[in-house]
Amino acid sequence: KKMSSAEVRQMFLDFFKSKGHTVEPSVSLVPVNDPTLLWINSGVATLKKYFDGSVIPENPRITNAQKAIRTNDIENVGKTARHHTMFEMLGNFSIGDYFRDEAIEWGFELLTSPEWFDFPKDKLYMTYYPDDTDSYNRWIELGVDPSHLVPIEDNFWEIGAGPSGPDTEIFFDRGTKYDPENVGVKLLAEDIENDRYIEIWNIVLSQFNADPSIPRSEYKELPHKNIDTGMGLERMVSIVQETPTNFETDLFMPIIREVEALSGKEYDPYGDNMSFKVIADHIRSLAFAIGDGALPGNEGRGYVLRRLLRRAVMHGRKLGINDAFLYKLVPTVGRIMESYYPEVSEKKEFIEKIVKREEETFARTIDAGSSLLEDLLEKLKADGKDTLSGEDIFKLYDTYGFPVELTEELAEDQGFQIDHEGFKAAMKEQQERARASAVKGGSMGAQSEVLSSLTDTSVFNYNKSTLESEVIAI
Ligand code: ATP
Ligand code: MG
Ligand code: MG
Ligand code: MG
């Protein structure tokens, strides 16, 4: 019998408990006392206080399962097998205690020992930073074949001055059926987006004190070295349950089944199923984030939630669901997760209420935008024009929050051409403005894309203070 997601999570924590780690609970997705982060985006993000020395942990060995949100992956959701907006990161951490030898050995033991996950060794590939011969040698000592060790220049974690170091990542080879052209390990070496080699675990070796004014090879060793690792639970579960993507696991399927019932459409794991996946993904983020106290709105976290909800609603429409429906999925999200994260079930009435209200707000935005667009198209027709300008499309989107895909659909239905180039130009200008004002980076993890990545698609605007704008002539 295949392990459940709850069992996979527990096995990780039990393993590190057996290695002397203390289990820290998962904390809120909304960062506490950390203005550099929009969302908790990794396990280590919640443990900064230990890593920066401001709090000394009782036990320098820590393990956790932590919910995380990464908006920079939003465009990947449903396209790759392995990306979500909300996912769980399993981690083990050493605050100045053990270092490389143990971190690598234990990672290998957990994945390959018959007592634990029992993965075949020849399915695993490891990447390493080319100068990090210590990690290379450690993997070799453990019996990894040199052909499974892949040097990657990018495997160095560094954010300005301060702690930095190489990382070594573990990939699972799902075989040639996910690599029809049989390009093999080259895919991994060239870091091409593919779903044959699934990155499951990143081991970060915080070893050096970075000094951007000197070459990396001259960085001094830190007096207290740290280990920070992150394993994606959904990816592990997908490998353990042998599903084509993360979405066919027990973490998502109950939500997808519910969407099937609501839409009357069938989910095909190998077919056109992006809408199911986006909905299943986004409702998890929404439910958990709202449960943790974030609310849909027009900036920061609220904007992220509004955007996630609107994307999910648009995908619902693609499946033929035109009424508010996302809120109905909240109890299912709660049930799937409640053994480790009771919070969504506990707050489900509140979460449902917020989601439903936001769905209704969006429905009104769509209605108002549709009638604006109708008027505009009438006017163009009367003037004998047959093209909807990029500026008009942008204005509907930016000022009224009207989804671009709807504008295009309605305009094309009436025989209008769409000025795609003009729209792109207007969008680009907007992105540049947003980027210029975007908050830059946290000190732990790849954060800088967070805000700038939010302006790239079509669902609605970032700048306006209200999306339920009065109807003003365009
Ligand atoms: P990828 O290259 O696949 O985008 P990453 O290198 O950006 O992943 P890390 O920052 O190394 O990811 O995070 C540690 C682990 O967390 C990854 O090895 C992966 O298992 C998991 N992970 C990262 N991002 C996501 C995501 N968006 N959805 C699901 N799991 C993720
Ligand atoms: Mg990534
Ligand atoms: Mg990666
Ligand atoms: Mg990684």
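User: How close do the axes of helix H8 and H12 come, and at what angle do they cross?

Analyst: In this predicted model, the axes of helix H8 (residues 274-291) and H12 come within 9 Å and cross at roughly 120 degrees. Angles of 65 to 115 degrees count as roughly perpendicular and those over 145 as roughly antiparallel. H8 and H12 are therefore oblique to each other. The crossing in which H8 passes H12 is right-handed.

User: Which residues of H8 and H12 meet?

Analyst: On the H8 side they are Leu286, Ala287, Ile290 and Gly291, and they meet Ile351, Ile354 and Val355 in H12. Sorted by class, this contact of H8 with H12 holds six nonpolar residues, one polar and no charged.

User: What is the crossing of H7 and H8 like?

Analyst: Helix H7 (residues 253-263) and H8 have axes that come within 9 Å, crossing at roughly 120 degrees. H7 and H8 are therefore oblique to each other, and their crossing is right-handed. From H7 the contact takes Ile255, Ile256 and Val259, and from H8 it takes Phe276, Ile279, Ala280 and Ile283. By class, the contact of H7 with H8 has seven nonpolar residues, no polar and no charged.

User: Why are H3 and H4 called oblique?

Analyst: The cut-off for roughly parallel is an angle under 35 degrees. The axes of helix H3 (residues 100-112) and helix H4 (residues 133-141) come within 10 Å and cross at roughly 40 degrees. H3 and H4 are therefore oblique to each other. H3 passes H4 in a crossing that is right-handed.

User: Which residues of H3 and H4 make the contact?

Analyst: H3 contributes Arg100, Asp101 and Ile104, while H4 contributes Asp134, Ser135, Arg138 and Trp139. The contact of H3 with H4 divides into two nonpolar residues, one polar and four charged.

User: Turning to the ligand, which residues around ligand 1 come nearest?

Analyst: There are 16 residues around ligand 1, and of these Asp73, Phe87, Asn202, Gly230 and Gly232 come nearest.

User: Which element gives the most to the shell around ligand 1?

Analyst: E8 does, with four residues.

User: How do the residues of that shell divide by class?

Analyst: The shell around ligand 1 has five nonpolar, five polar and six charged residues.

How values were computed: Residues are numbered from 1 along each chain as its sequence is written. Chains are lettered from A and ligands numbered from 1 in the order in which they are written. This is a predicted model: local features need pLDDT of at least 70, side-chain atom pairs count only at pLDDT 80 or more; totals for chains, interfaces and linings use all residues. A residue is near a molecule or strand if its C-beta atom, placed from the backbone, lies within 6 Å of it. Helices (H or I, at least four residues) and strands (E, at least two) are DSSP runs, numbered from the N terminus. Ala, Val, Leu, Ile, Met, Phe, Trp, Tyr, Cys and Pro count as nonpolar, Asp, Glu, Lys and Arg as charged, and the others, Gly among them, as polar. Axes are lines fitted to C-alpha atoms, for helices over the stretch in contact, and angles run from 0 to 180 degrees between N-to-C directions. A crossing is left-handed if the near helix is turned anticlockwise from the far one by less than a right angle, and right-handed if clockwise. Two residues are in contact if their C-beta atoms, placed from the backbone, lie within 7 Å.
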